[in-house]
Amino acid sequence: VNLVVPNKNKDQLISTISKHFDIPLHTPLAMDPQSEPAFSQTRTRAFIKVQDGCHNRCSFCIVSKARGSERSIALKNVCQEINHLQALGFQEVVLTGVHLGGYGRDIGSSLTELIQIILQRTTIPRIRIGSLEPWELEPAFFELFHNPRVCPHLHLPMQSGSNTVLKRMIRKYTVSEYKGLVAQARAASSKMHISTDLIVGFPGETEEEFSQTLQTLRDIQFGDMHLFRYSARQGTAASRLPRHVPKNIASQRFSRALAIQKETQKQFHENMIGKKYTVLWERDAQKWDEDRWLWQGYTENYVRIKTISAQPLFNQLTNVHIDSINEKTLMGSILHT
């Protein structure tokens, strides 16, 4: 190894390499802050990383060691970037970060204030919030969803539905506290979609603990879930815990949890039928018949919808009536005003 560039300095990667090896390198267009994003003409949604680093020490995660301390992008810079993206044609921005809920801790601000400022200083139609750890969410945060520009979807990684497993994971909440956050979110918007992450087969997980997790899944009724079998990461506290769950048992638990998730997701989708949503249509339409195309896009609460239309819909926001489910896909018809 001749050169190590820390993650925090990756935006200076080209200049660092040039100086260290005395090799003249030209900054590519993609690195030019004045250049347009590579997919500005084909994408409808842009991701803005407003925060990096994490101070949490979840026992299964190595990210905090790799990413370092928390660092937030200045409020005005985030707003400037959003206005720039909107000028390029984007209709939606997604706020992301390694520990998004920790935004502003280092600059005397907060995620709630960031979104409030974005609502004041930008006019982009949709503001979507990336994955959030289920703590540090103040009551004022949930009031943000009263504004129709803030998309009613929260991805809150639960990781386990057992208090004893959560304790071994070094997570900062109990199952009851997590359910309280879900209740606040759903009370803030009737269209709220809650999705989550879940790890099965965590070291020491007993059948009783896993049963508690299954019951929690039934109680909460997630709209979607990213499900994982535990795998050890070298250097983490969890990798040193005793009683690792055999792979065959972890696989069985994965299947049992997935079966419940399929049921709750189906119920969530069925509850959307007959209601009106707003859909942002994407570019990848498919030919349906002589005059019509099959378009797909996402509702404000991040559920994929398809419709058949002869009209071009790319990058348009339209009101849609959800009609039915066709092979696990929601179908809708455009409501003309």
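Trainee: What makes a run of residues a strand here?

Mentor: A strand is a DSSP run of at least two residues, numbered from the N terminus. In this predicted model, phenylalanine 228 is found in strand E7, residues 224-229.

Trainee: Why is phenylalanine 228 called partly exposed?

Mentor: Buried means under 20% relative accessible area and exposed means over 50%. Phenylalanine 228 has 41%, so it falls in between and is called partly exposed.

Trainee: Which residues does phenylalanine 228 touch, leaving out those up to four places away in sequence?

Mentor: Phenylalanine 228 touches Asp197, Leu198, Ile199, Val200 and Phe254. A contact means heavy atoms within 4.5 Å.

Trainee: How do you know that strand E6 and E7 pair?

Mentor: Two strands pair if DSSP finds at least two bridges between them. Strand E6 (residues 193-200) and E7 have six bridges, so they pair, and the sense is parallel.

Trainee: What makes E7 an edge strand?

Mentor: Three strands form an open sheet in the order E5-E6-E7, with parallel pairing. Strand E5 (153-155) and E7 each pair on one side only, and these are the edge strands. Neighbouring strands of this sheet are turned by 10 degrees against each other on average, direction ignored.

Trainee: Which helix packs on the sheet by touching E5 and E6, and which lies across E6 and E7?

Mentor: Helix H7 (residues 175-188) touches E5 and E6, and its direction makes about 160 degrees with that of E6. Helix H9 (residues 247-272) lies across E6 and E7, running at about 175 degrees to E7.

Methods: Residues are numbered from 1 along each chain as its sequence is written. This is a predicted model: local features need pLDDT of at least 70, side-chain atom pairs count only at pLDDT 80 or more; totals for chains, interfaces and linings use all residues. Side-chain values use heavy atoms; hydrogens and water are left out. Helices (H or I, at least four residues) and strands (E, at least two) are DSSP runs, numbered from the N terminus. Buried means under 20% relative accessible area, exposed over 50%, partly exposed in between (1.4 Å probe, protein chains only). Axes are lines fitted to C-alpha atoms, for helices over the stretch in contact, and angles run from 0 to 180 degrees between N-to-C directions.
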